[in-house]
2 protein chains.
Amino acid sequence: MDEPQSTSPRSRRSGGREAKRAARSARAGTSLPYITRRIGVYEVLDEEGLALIERNADLILAEIGIEYRDDPEALAFWKAAGADVDGVRVRCPAGMCRQIIQASAPREFVQHARNPARSIPVGGKHTVFAPAYGSPFVRSLDEGRRYATLEDFRNFVKLAYLAPSLHHSGGTICEPVDLPVNKRHFDMVYSHMKYSDKPFMGSVTHPERAQDSVEMAKILFGNDYLDPATAKPKTVIINLINANSPMTYDATMLGAAKVYARANQATIITPFILAGAMSPVTVAGTAAQTLAEALSGMAFVQLVAPGAPVVLGSFASSISMQSGAPTFGTPEPALVLYAMAALARRLGVPFRSGGALCGAKIPDAQAAFESANTLVPTCLAGVNFVLHTAGWLEGGLAMGYEKFVMDVDQAGMMHTLLAGIDLSENGQAMDAIREVGPGKHFLGCAHTQANFETAFYRSPIADNNSYEQWEAEGSLDLAQRANASWKKQLAEYEAPPLDPAVDEALRDYIERRKASFPDSKF
Amino acid sequence: MDEPQSTSPRSRRSGGREAKRAARSARAGTSLPYITRRIGVYEVLDEEGLALIERNADLILAEIGIEYRDDPEALAFWKAAGADVDGVRVRCPAGMCRQIIQASAPREFVQHARNPARSIPVGGKHTVFAPAYGSPFVRSLDEGRRYATLEDFRNFVKLAYLAPSLHHSGGTICEPVDLPVNKRHFDMVYSHMKYSDKPFMGSVTHPERAQDSVEMAKILFGNDYLDPATAKPKTVIINLINANSPMTYDATMLGAAKVYARANQATIITPFILAGAMSPVTVAGTAAQTLAEALSGMAFVQLVAPGAPVVLGSFASSISMQSGAPTFGTPEPALVLYAMAALARRLGVPFRSGGALCGAKIPDAQAAFESANTLVPTCLAGVNFVLHTAGWLEGGLAMGYEKFVMDVDQAGMMHTLLAGIDLSENGQAMDAIREVGPGKHFLGCAHTQANFETAFYRSPIADNNSYEQWEAEGSLDLAQRANASWKKQLAEYEAPPLDPAVDEALRDYIERRKASFPDSKF
């Protein structure tokens with residue numbers, strides 16, 4: 001089948017049982033399906049508060065405007081749409097961007113994977129987890145911190161493929177700095193295609209690299225690339241387009257966005273904001289600016305290619321006003337996240353934010369506190385596409401091998417949380433309570449026997465042994481257990497099958513393209 | 001003043017500014033006021049789901065019943081109230097317990113502290129943080145794990161006194177096992193009175209020890225003990241009464257509950273449940289049983305002393321079906337917590353649950369993930385009295401010095417989170433956005449300059465320095481920084497003033513009582 005597993009109408013009461021099935025698959029080493037949440041979203045602003053942020057975003061778009069730099073074609077699009085274009089500054093009257101987006105952007109779309117069972121819906125009640133993105137360094141207990149290589153990149157693609165709770169292979173999981181800057185996208189995109197069959201992200205660092213990503217996707221998907229119903233390309237790549245906050249888009253990002261939009265590939269328009277540096281030091285100010293920038297970027301994509309899938313992205317954290325370094329897992333970014341998720345729902349587009357963000361340098365308690373303080377809001381707010389779910393350390397400067405394993409475990413828990421409470425007869429367990437009665441224990445009762453294997457989320461790395469057992473096993477901490485886990489996983493990894501002809505065609509394309517221009521450091 | 005700082009009617013828009021003020025006090029080393037939440041609660045069940053749990057709780061109370069063991073007086077109370085008493089089994093028709101509770105239990109009450117500025121409201125939109133409770137062991141980086149002593153107990157009372165984000169001194173923070181079991185309550189209660197001026201908890205391990213706690217409180221509060229308006233004692237102690245789940249109360253807890261209720265002191269009626277052992281392995285079953293047990297216990301307190309303050313408590317986690325050890329921070333207990341908080345609100349009583357629970361043995365990433373996965377739901381669910389906010393390790397077997405410091409930091413963040421989004425003009429920060437404009441940075445703008453000191457929650461122990469700076473400072477992890485923090489705090493601790501006459505009277509009482517019966521190990 002070409003569509004993600006359809007969400008058949010199920011009674012609310014079967015939620016828990018679904019979660020159990022999911023948990024069972026997790027233990028069998030297979031992948032969990034993407035999340036379809038069965039509990040509500042959490043909101044921190046009421047209608048009045050949300051409307052205020054929207055009005056302020058409109059004011060920013062109308063009075064201050066957004067700069068579209070070094071891209072005359074972009075300005076022409078805006079002029080044609082009726083915006084006020086003054087130099088590179090684009091001002092839009094209140095409501096204009098919203099109207100453009102709502103006229104053509106899909107509320108929800110499917111990103112197809114080469115293995116159709118891995119295709120994912122983006123939007124609505126769905127949540128999809130992808131690995132972290134963009135680190136120049138990697139860290140492990142064995143080697144400490146060092147520059148990332150292509151081997152690291154492949155390792156993380158493999159680990160993401162093996163991770164039951166990740167539904168996506170991600171993009172630039174880490175920068176393979178051992179390869180020339182202008183050619184490493186070939187190896188990254190190829191690694192996603194070869195070592196995983198989960199959906200993936202394309203290159204955005206140059207319009208040509210975006211085009212290469214599209215061409216490689218055409219080879220990978222072959223006859224499946226075009227949707228026979230619409231004769232348009234299926235959406236098979238999702239791509240991260242960052243605004244240069246405050247209120248600026250540059251030619252690189254605009255160029256990549258145009259390539260992808262014209263090919264009907266998805267873009268995540270994300271103001272990347274460290275409040276205090278790229279936005280005001282307040283939550284409400286940061287939210288209004290984020291919304292303004294995202295509205296402008298998404299509207300631009302719809303002007304270029306009406307109907308192309310777009311996602312409202314928000315990456316907002318704060319900086320330490322002492323060191324200037326970014327901070328994560330603090331309360332302010334959580335508040336921005338809750339507000340932005342609600343604003344995306346009101347706009348009617350999928351939402352990307354959150355993850356397991358932290359400023360900690362190592363996978364210690366700081367990393368865990370900060371990550372959990374980001375991932376829980378991510379899930380309760382109703383984020384649809386969660387980049388940076390696993391591996392993030394040091395404000396994104398390093399991908400952590402142990403951190404990756406820890407985060408995958410946490411993402412697994414979120415599947416159970418978002419499945420909500422099973423209110424079926426079995427979930428109510430009244431027979432168990434009747435059978436056991438006062439003062440006895442439930443360990444041996446029929447209901448416990450029937451349910452214990454799937455009753456609770458089981459972490460593969462948390463230690464829940466007795467103190468004595470834990471000591472006897474070496475008094476290991478979570479990072480040490482995670483270290484053993486990723487090594488075992490890589491040792492046992494087996495690649496998903498890939499048609500050798502497709503593989504050869506991909507390698508031919510890469511070889512040909514790589515030979516056609518010189519290496520570069522930029 | 002005798003009342004906690006009143007919550008004057010403030011516009012929603014001042015929320016953020018309040019939080020800033022709070023954050024400023026935190027940095028000045030003074031205490032934050034108890035939390036009055038400005039964002040909504042999160043719920044996971046709808047009306048139908050909650051009503052189902054209530055019906056099941058009623059069925060348990062009517063069909064199965066609750067055992068009141070070794071306490072004929074308790075059975076007499078139930079008989080007089082019209083319950084069906086069969087041996088020690090008490091069955092109540094549907095709605096009876098609810099009716100008894102709603103007829104007399106206060107929705108919200110004040111626990112008075114000897115320093116009136118530290119008095120706290122329990123219930124409503126308020127959240128109060130107290131330290132962990134009940135560990136026989138302590139753990140520090142220096143000494144590892146060992147049995148707790150009175151010195152440890154005093155240390156934690158001092159650390160809780162110094163912790164800006166803790167509003168309560170707690171109770172049996174750790175067991176001073178160097179003292180005789182039947183006399184250590186004197187030293188514990190005295191330590192709370194002497195080394196802190198925050199509100200505290202009394203002894204519940206024997207009715208006589210409860211009475212000692214009341215007598216000592218009378219000495220401490222002197223003429224302030226009786227409320228002149230009602231001629232009844234003020235509520236100055238709050239006490240943890242656990243059910244012997246499943247569906248059993250024992251004479252020790254009932255005896256202590258009666259002493260406190262008759263003295264108008266508060267009781268937290270808490271089914272202590274590890275699902276799979278003391279309740280069914282499901283969330284809905286555990287919630288129904290918890291509600292049934294708590295309803296029965298709270299109704300009993302109201303029969304003994306109508307109007308005595310009671311709190312609905314829920315301590316629900318699960319056990320590892322492999323090792324039998326308790327597990328914490330997993331999704332199932334979070335779901336129980338959200339459901340129970342909603343059920344307490346429907347009943348109209350204050351709610352106690354959550355904290356910073358974990359199964360981890362050491363303050364590593366596991367401890368932090370599990371703690372955050374408990375504390376965030378605790379705060380979003382709207383828990384009123386949070387026991388176990390700081391120090392908890394190893395399923396409650398150990399109080400951790402470093403863990404305590406970490407948890408206090410997390411509790412500090414929750415103050416900011418629950419203050420919500422500042423929507424004032426300053427919070428909207430439109431002037432800053434206008435001043436800076438596209439492509440510039442906000443670091444130097446007037447709004448940032450005016451707000452940066454209070455803009456973001458600042459952790460005293462998280463590392464937010466550059467990587468190079470962090471390395472130069474020794475590549476410390478969070479536990480190591482927390483280690484330095486608690487030592488510095490204890491070194492700088494100064495006791496709050498206590499009237500020497502009161503102090504002497506307390507010591508006289510203790511000396512006299514200790515001399516009046518032999519030491520015992522039970």
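**Notes on the chain interface and a helix pair**

1. Chain A and chain B bury about 9500 Å² between them, and 68% of that area lies on carbon and sulfur atoms. The model under discussion is predicted. The size of an interface is often expressed as the accessible area lost when the parts come together.

2. The contact draws on 119 residues from chain A and 119 residues from chain B.

3. Between chain A and chain B, 4 salt bridges are counted. One of the salt bridges joins the side chains of A:K361 and B:D463, with a distance of 2.5 Å from N to O. The count of residue pairs in polar contact between chain A and chain B, both at pLDDT 80 or more, is 36.

4. On the side of chain A that touches chain B, helix 11 of chain A (residues 365–381) gives the most, with 10 residues. Sorted by class, that side of chain A has 59 nonpolar, 36 polar and 24 charged residues.

5. Within chain B, attention may turn to a pair of helices. The axes of helix 3 (residues 72–81) of chain B and helix 8 (residues 251–262) of chain B come within 10 Å and cross at roughly 65 degrees. Helix 3 of chain B takes part in this contact through B:E73, B:A74 and B:F77, while helix 8 of chain B takes part through B:L254, B:K258 and B:R262.

6. Which classes of residue make up the contact of helix 3 of chain B with helix 8 of chain B? The contact has 3 nonpolar and 3 charged residues, and no polar residues.

Terms used. Residues numbered from 1 in each chain as written. Chains lettered and ligands numbered in written order. Predicted model: local features only at pLDDT ≥ 70, side-chain atom pairs only at ≥ 80, totals over all residues. Heavy atoms only, no water. Contact = heavy atoms within 4.5 Å. Buried area = accessible area lost by both parts, 1.4 Å probe. Polar contact = N/O pair within 3.5 Å; in protein donor to acceptor, adjacent residues only side chain to side chain. Helix = DSSP H or I, 4+ residues; strand = E, 2+ residues; numbered from the N terminus. Nonpolar A, V, L, I, M, F, W, Y, C, P; charged D, E, K, R; others polar. Axes fitted to C-alpha atoms, helices over the stretch in contact; angles between N-to-C directions.
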